[in-house]
Amino acid sequence: KDLKKSFTDFPILLPDSEAKPEPFLIWGDSHGRGMVTLFRAMCEENNTNGYYACRSSTPSILGVNFLPNDDSLAPHNDHVLEIIDRDKIRRVIMISRWAKYIHRGKHSRQDPLSDRDSTGRPSEVVFREALAHTIDELRKRDIEIIIMKQAPLQFRSPPSSLWMTQRFGYDPSKTGVTITEHQAHQLEVNAIIDSLAQPGVHILDPLSILSHENGHTKVHERNEIFYSDDNHLSRAGVMALKPLFAPYFPKGKTTP
């Protein structure tokens, strides 16, 4: 579920568990919310717990809005940071559909990503500065950061594409966009994310799991489809990323 405007506490991953929540947080948009399924399973396996703060179409970036028509993002993320401080969160896992925000207003008719109170600067400039500022604010608090890059965006919804593949006898391992196409789409935003790597900031790339050796991205495995639409991972797709996060859930602990 989305974090509501009036929230006073972060939702707990496993609200009915007796495991005490560790001070770690999943912070993101609907892509982050989709990953909650995986983190719940990993918490259950490791007898631990944690929190999440996810809101649709709201990147985990401080000080940005979609102006001129939406000024709700910056206050929302300000409030997330306030609760991070109040609850002494020690690890933040940032998951968002990053390329969507850097491309707003350039490849779509959507309002661009804007500074808190102004318009006019390109979305990619706003994104670069705001993400760097967000990382700085968290690191000033000595918070460990994990950033997951975006899962490959598909040209078509994989469930329908796989149906066509099956009907006409095409190679299903070539259903996904090519790795080259994915990397081209993510080139600019991934360069920004990579530039933020430093002690205490870990960058994870799901492409290492969501790709075939034939040069295509992976949209299914055996009988399980990894996407629910052209950009959101399904439960099976999310669970496939478990090896990416396993090193951060050792022996029931998720804190440094």
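**A walk through the sheet and its helices**

Everything described here comes from a predicted model.

Now look at strand S4. How many bridges join S4 to strand S6 (residues 144-148)? There are five, and the two strands run parallel. Methionine 94 stands opposite isoleucine 147 in S6. Strand S1 (residues 24-28) also pairs with S4 in the parallel sense, again over five bridges. There, leucine 25 stands opposite valine 92 of S4.

Is S4 buried or exposed? Five of the five residues of S4 (residues 91-95) are buried, so the strand is largely enclosed by the rest of the structure. Both of its faces are covered. Arg91, Ile93 and Ile95 lie on one side, Val92 and Met94 on the other, and all are buried.

Helix H2 (residues 36-46) comes next. Its buried residues are Val36, Leu38, Phe39, Ala41, Met42, Cys43 and Asn46. What covers them?

Two other helices pack against each other. Two packed helices are described by the angle between their axes and the distance between the axes. Helix H5 (residues 123-140) and helix H7 (residues 179-194) pack at an angle of about 20°, with their axes 10 Å apart. Angles under 35 degrees count as roughly parallel. H5 and H7 are therefore roughly parallel to each other. H5 passes H7 in a right-handed crossing. On H5, the contact is made by Glu124, Phe127, Arg128 and Leu131. On H7, it is made by Glu188, Val189, Ile192 and Ile193. These contact residues divide into five nonpolar, no polar and three charged.

Finally, look at the backbone. Most residues other than glycine have a negative phi, and most peptide bonds are trans. Lysine 88 sits in the loop between H3 and S4. Residues over 50% relative accessible area are exposed. Lysine 88 has 60% relative accessibility, so it counts as exposed. In the loop between H5 and S6 lies aspartate 142. The phi of aspartate 142 is positive too, near 60°.

Which two residues does a cis peptide bond join? They are leucine 67 and proline 68, and omega is about 20°. Proline 68 is found in the loop between strand S3 (64-66) and helix H3 (73-86).

Notes. Residues are numbered from 1 along each chain as its sequence is written. This is a predicted model: local features need pLDDT of at least 70, side-chain atom pairs count only at pLDDT 80 or more; totals for chains, interfaces and linings use all residues. Side-chain values use heavy atoms; hydrogens and water are left out. Buried means under 20% relative accessible area, exposed over 50%, partly exposed in between (1.4 Å probe, protein chains only). Helices (H or I, at least four residues) and strands (E, at least two) are DSSP runs, numbered from the N terminus. Two strands pair if DSSP finds at least two bridges between them. Axes are lines fitted to C-alpha atoms, for helices over the stretch in contact, and angles run from 0 to 180 degrees between N-to-C directions. Angles under 35 degrees count as roughly parallel, over 145 as roughly antiparallel, 65 to 115 as roughly perpendicular and the rest as oblique. A crossing is left-handed if the near helix is turned anticlockwise from the far one by less than a right angle, and right-handed if clockwise. Contact means heavy atoms within 4.5 Å. Ala, Val, Leu, Ile, Met, Phe, Trp, Tyr, Cys and Pro count as nonpolar, Asp, Glu, Lys and Arg as charged, and the others, Gly among them, as polar.
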